[in-house]
Amino acid sequence: MRVFVAGATGVVGRQLIPLLHTAGHDVFATSTSSAKLDRLREQGAHPVLLDILDGPATAKAVREASPDVIVHQATALSSMGMDVRHFDRHFAMTNRLRTTGLENLLAAGQDVGVQRYVVQSYCGWPFEATGTWVKSESAPLDPHPVKGFGETLAGIRRVEGLMVETPGGVALRFGALYGPGTSFDTDGPQAVAIRKRRFPIAGNGEGRWSFVHTYDAATATVAALTRGAGIYNIVDDDPAPVRDWLPYLAKVLGAPAPRRVPAWLGRIVAGEGAMRMMTQLRGGSNERAKQELSWKPVHSSWREGFRTEFGQATAAR
């Protein structure tokens with residue numbers, strides 16, 4: 001198939017392009033950076049310099065590629081780090097890429113008869129923080145998001161709504177991504193904070209996180225090229241509370257055990273959004289993705305994934 005990938009040099013895209021090339025697909029891969037085009041070419045793709053917020057340029061690029069499938073992986077999250085007090089501010093460009101960018105891609109695709117769209121969404125904090133700790137795709141999203149999270153949640157609702165309304169549309173809700181280039185990379189901001197004991201367990205640490213390695217996110221994207229419709233949680237098999245995964249990751253990183261702080265102090269220092277992630281966050285079930293996409297993660301648990309991803313790098317430090 002001819003596959004058009006927007007955001008091909010992001011943390012998922014860099015895993016995805018080689019998989020698509022190896023599978024025999026004809027790949028048209030975009031980046032906003034001319035310096036990254038050679039890397040895309042080396043991975044076997046046709047590099048395309050494109051800002052998907054530019055509607056006419058997007059229409060021209062898609063028309064020239066004439067793809068069977070459009071994949072949307074474009075984000076702008078490199079500066080997120082540990083600061084969740086200003087969540088919407090950090091996600092402002094990503095929200096535009098997710099919404100306006102997707103609308104441009106859909107319009108361009110419909111003009112040339114594209115029948116399939118696969119886009120990135122998110123699994124975890126958007127869920128309503130009530131009821132069962134592990135949610136399926138049918139669970140409601142948060143009707144009352146924490147202050148500072150509302151614009152980003154609205155963007156996610158828009159993306160998922162468009163995919164549900166569009167024939168051949170698939171939205172993949174990735175869990176907390178770890179792996180090369182992510183904030184949970186060996187030297188990413190989360191890992192650095194853990195080593196410096198600046199990532200404490202606040203309150204009861206009951207918040208459930210669902211993780212997924214970037215490679216597994218990429219294989220799910222490949223699976224969705226030909227299967228499924230609607231929304232899927234793309235996460236590992238092991239949603240876990242912060243009080244379990246954070247000390248484990250600290251140990252794998254060779255870092256001291258994380259500090260424990262009371263909820264009231266965590267709320268003052270990090271804000272209400274961070275405390276919800278620490279104490280109320282809901283994880284996701286991947287059962288639907290396994291059944292309908294015939295997908296399963298190589299890293300079935302963050303335990304094995306963290307050891308594989310961070311263990312050797314830590315030993316070599």
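Q: What do the residue numbers and values rest on?
A: Residues are numbered from 1 along each chain as its sequence is written, and side-chain values use heavy atoms, with hydrogens and water left out. The model is predicted, and local features need pLDDT of at least 70, side-chain atom pairs count only at pLDDT 80 or more, while totals for chains, interfaces and linings use all residues.

Q: How many helices and strands does the chain have?
A: There are twelve helices and 15 strands. Helices (H or I, at least four residues) and strands (E, at least two) are DSSP runs, numbered from the N terminus.

Q: Why is the chain called as compact as a globular protein of its length?
A: The globule rule is 2.2 Å times the number of residues to the power 0.38, and the radius of gyration is taken over C-alpha atoms. For 317 residues the rule gives 20 Å, and the chain has 19 Å, which is close, so the description holds.

Q: Why is Gly55 called partly exposed?
A: Buried means under 20% relative accessible area, exposed over 50%, and partly exposed in between (1.4 Å probe, protein chains only). Gly55 has 23%, so it is partly exposed. This residue is found in helix α3 (residues 55-65).

Q: Why does Ser294 count as exposed, and where is Ser294?
A: Its relative accessibility is 55%, so Ser294 falls in the exposed class. Ser294 is in the loop between α11 (287-293) and α12.

Q: What makes a set of residues a nonpolar core, and which residues have the most contacts inside the largest one?
A: Such a core is a set of buried Ala, Val, Leu, Ile, Met, Phe, Trp, Tyr and Cys residues joined through side-chain atoms within 4.5 Å. The largest has 42 residues, and Trp209, Phe211 and Trp245 have the most contacts inside it. Helix α8 gives the largest share of this core, six residues.

Q: Which residues does Trp209 touch?
A: Contact means heavy atoms within 4.5 Å. Not counting residues up to four places away in sequence, Trp209 touches residues including Phe184, Pro239, Trp245 and Met277.
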